[in-house]
Amino acid sequence: IGHDWGSKEEERSKTQLAPKKNKRGPIIICVDTSGSMAGTPEHVAKVLCFAITRIALLEKRQCFLISFSTGISTLELTDLKKNLNELIRFLMMSFHGGTDATPAFREALRQLKTESYEKADVLMISDFIMAALDENTQESVMKAKENGTKFHSLVISIAGNVKALEIFDNNWIYHTRNYDSFKSVLRN
């Protein structure tokens, strides 16, 4: 051991550490605030959105939030302390109209083309009581997937449209009356 010490030290000094890659990039969260989400599902969706946003910002990850029904409202977050009041106002907002996820997807796809969000993943929190996406939007989502974007859904319902969920890479299901499903969602 004593004879090999010098040669091992020389080898160590020649080894350079590769810079760490940030495995977790920005996140775009779409929250359904349509009429079918009124009550417990909407509260659960907003609490989960707040929790995910908080974790992401503590990890120094940018967040872009989209609240949707048939229209959308957006909020970009980079710092929880600076943006807390805006986040609370955003989460208190509700549309309570019909449900059309297409405008939310189009905004998410537009953000994916920006420098700040090109490496983002997209999470949609909804009951998915909605129509499937139109063909053009589906094609754009597939192109984004080719560039490494992952699309995740958090389903807060037992009656979601299966066709609307086919576009996602991961589908997590949360039943508001089953607390075991909440543990499963948090684990994932």
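Predicted model: local features only at pLDDT ≥ 70, side-chain atom pairs only at ≥ 80, totals over all residues.
Two strands are taken to pair if DSSP finds at least two bridges between them, and helices (H or I, at least four residues) and strands (E, at least two) are DSSP runs, numbered from the N terminus. Residues are numbered from 1 along each chain as its sequence is written, and side-chain values use heavy atoms, with hydrogens and water left out.

Let me start with strand E1, residues 27-32. E1 pairs with E2 in the parallel sense over six bridges, and within that pairing the bridge partner of Val-31 is Ser-67 in E2. E1 also pairs with strand E4, residues 121-126, again in the parallel sense, over five bridges, and here Cys-30 stands opposite Met-124.

As for burial, six of the six residues of E1 are buried, where buried means under 20% relative accessible area, exposed over 50%, and partly exposed in between, with a 1.4 Å probe and protein chains only. Ile-27, Ile-29 and Val-31 are buried on one side of E1, and Ile-28, Cys-30 and Asp-32 on the other.

Turning to helix H2, His-43 lies in this helix and, at 55% relative accessibility, counts as exposed.

Finally, Ser-153 in strand E5, residues 151-155, is buried, with a relative accessible area of 0%. Leaving aside neighbours within four places in sequence, Ser-153 is in contact (heavy atoms within 4.5 Å) with several residues, among them Met-124, Phe-128 and Trp-172.
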